[in-house]
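Here is a short report on one protein chain. Look over the sequence and the model first, then read on.

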Amino acid sequence: MANGIGRCLREWGINKIFTITVDNASSNDVTVKELSKQLTKMGTNLMNGNHLHVRCMAHIMNLVVRDGLKESSVSIERVRHAVRYVRQSPARLKRFQECFDDEQLNCKKKRLCLDVPTRWNSTYLMLHKAIEFESAFSHYASSEIGLRHYLEHSYIEVGIPAANEDTVLSEMAKKMKENFDKYWGDRGKMSKIIFISCILDPRYKLESVGYALVKMFAEDPGATIQAEVEKYMTSLLSEYVKSSSKGVVLASSSDCSSLDTSTFGLSDSQVSTQNTGLLESLMQDIKKYKSGSGGVDTRTVLDKYFGEETEDDTKEFDVLL
C-alpha cells in the first residue's frame with residue numbers, strides 16, 4: 001500500500017508531505033512507517049516523520065458513536081422500521097400527513113428521513129425527526145394495524161418507537177468511553193500536531209490548550225502533555241529555521257590588520273567598499289557576542305508570541321486577518 005501511495009505521489013510531483021490522516025487499522029500503521037522511509041530518502045521527511053501519522057478523528061468519532069448506539073439498537077430499529085414502513089408508499093405518506101392535522105402538529109414542511117445505518121449523523125437526523133413526529137406515529141399506529149403487523153414480522157421487539165430509559169443511556173456512555181479510551185486514552189498515541197491550530201489562534205494560545213488538557217486528563221498528565229506540545233512546537237520551529245537558512249552563506253569576519261592598499265592595486269572607492277564590508281562583518285560579530293552574553297533579546301518568535309496578550313474573542317474577530 002505504501003508503494004502504491006508513493007508511486008501516486010511521484011506521478012503527481014508531490015514530494016513534501018506534512019501529515020497523513022488515516023484510520024487506526026494496524027495495516028495503516030505499517031503503511032505510514034514505510035512512507036516515512038520513502039520521504040526520508042527524498043530528503044523531505046520533517047522531524048523524521050514524528051508527526052506524520054494523524055489518526056482520523058471523524059472515523060474515531062463514528063466508531064465511538066456507533067458503539068454507543070448498539071446499546072439502544074432495539075429502540076433505533078423500531079424507529080427505522082416505522083419510518084421505512086411509512087415511506088414505502090404514497091398512500092401511507094398521505095395518511096401519515098393527515099395525522100399532523102389530527103395531532104395539531106406544525107410539520108407540514110418537514111419530512112421523515114431514513115438513515116444510512118453506518119453513518120451515525122444520518123441516524124441522528126432520523127431520530128431527531130421521529131421525535132418531532134412521535135404523537136403522529138402513535139396516532140397512525142392506533143388507526144393502521146399494518147404498522148404493528150410490519151414491526152412484528154421484522155423480528156424486533158414491538159414497542160413505542162424512541163422509548164428510552166436512563167440505564168440504556170448509562171450503558172451507552174460506558175461503551176462510548178471505552179472506545180474513546182482505546183484510541184485517545186493513551187497520550188502517546190495523540191499527535192501533538194492537532195493542538196497547534198488552536199495554539200496559533202491568538203484568542204487561545206498555549207494557556208487555553210493547557211487548561212483544556214488539565215480538564216481532560218487531570219492536573220499532572222495535562223501539564224505534562226502541555227510541556228510536550230510546547231517542546232514539539234519549538235522543535236518544529238527549529239526545523240523550519242534550518243530549512244529556510246539552507247544555501248544562505250553568512251559573511252565571516254575578515255582580518256582587519258592594516259594593509260597597503262596600493263600593493264593590491266585598489267582605488268579609493270574600492271577601499272571604501274571594502275571598509276564598509278568589514279564594518280558590517282564587525283557589527284555581526286558584536287551582535288553574536290551580545291546574544292551569547294544576554295545583551296540582546298534572544299527569544300524566538302514563538303517565545304514572543306506566547307508572551308503577548310491574547311486577543312479578545314468577539315464576533316468581529318477573524319483569525320485569518
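Cys198 is partly exposed, at a relative accessible area of 30%. Cys113 is also partly exposed, with 23%. Both values lie between the cut-offs of 20% for buried and 50% for exposed, so the label for each is "partly exposed".

| Cysteine | Relative accessible area | Class |
|---|---|---|
| Cys113 | 23% | partly exposed |
| Cys198 | 30% | partly exposed |

What about disulfides? A disulfide is a covalent bond between the sulfur atoms of two cysteines. The count for this model is zero. The test asks for a pair of cysteine sulfur atoms within 2.5 Å.

Now the whole chain. The model is predicted. The protein chain has 321 residues, and 28% of them count as buried. Its elements are 14 helices and two strands. The accessible surface is about 21600 Å². Carbon and sulfur atoms hold 54% of that surface.

Contacts reach along the sequence. Take those with a separation of 6 or more: 75% of them join residues 24 or more positions apart.

How confident is the prediction? The average pLDDT of the protein chain is 76. A score of at least 70 is reached by 74% of the residues. Among the elements, helix H1 (residues 2-12) has the highest mean pLDDT, 90. Helix H13 (residues 268-292) has the lowest, 58.

One stretch needs care in reading. Over residues 247-267, pLDDT stays under 50. For this stretch the model has twelve contacts beyond four places in sequence.

Note on methods: Residues are numbered from 1 along each chain as its sequence is written. This is a predicted model: local features need pLDDT of at least 70, side-chain atom pairs count only at pLDDT 80 or more; totals for chains, interfaces and linings use all residues. Side-chain values use heavy atoms; hydrogens and water are left out. pLDDT is the predictor's confidence in each residue, from 0 to 100. Helices (H or I, at least four residues) and strands (E, at least two) are DSSP runs, numbered from the N terminus. Contact means heavy atoms within 4.5 Å. Buried means under 20% relative accessible area, exposed over 50%, partly exposed in between (1.4 Å probe, protein chains only). Accessible areas come from the Shrake-Rupley method with a 1.4 Å probe; for residues, only the protein chains shown count as cover.
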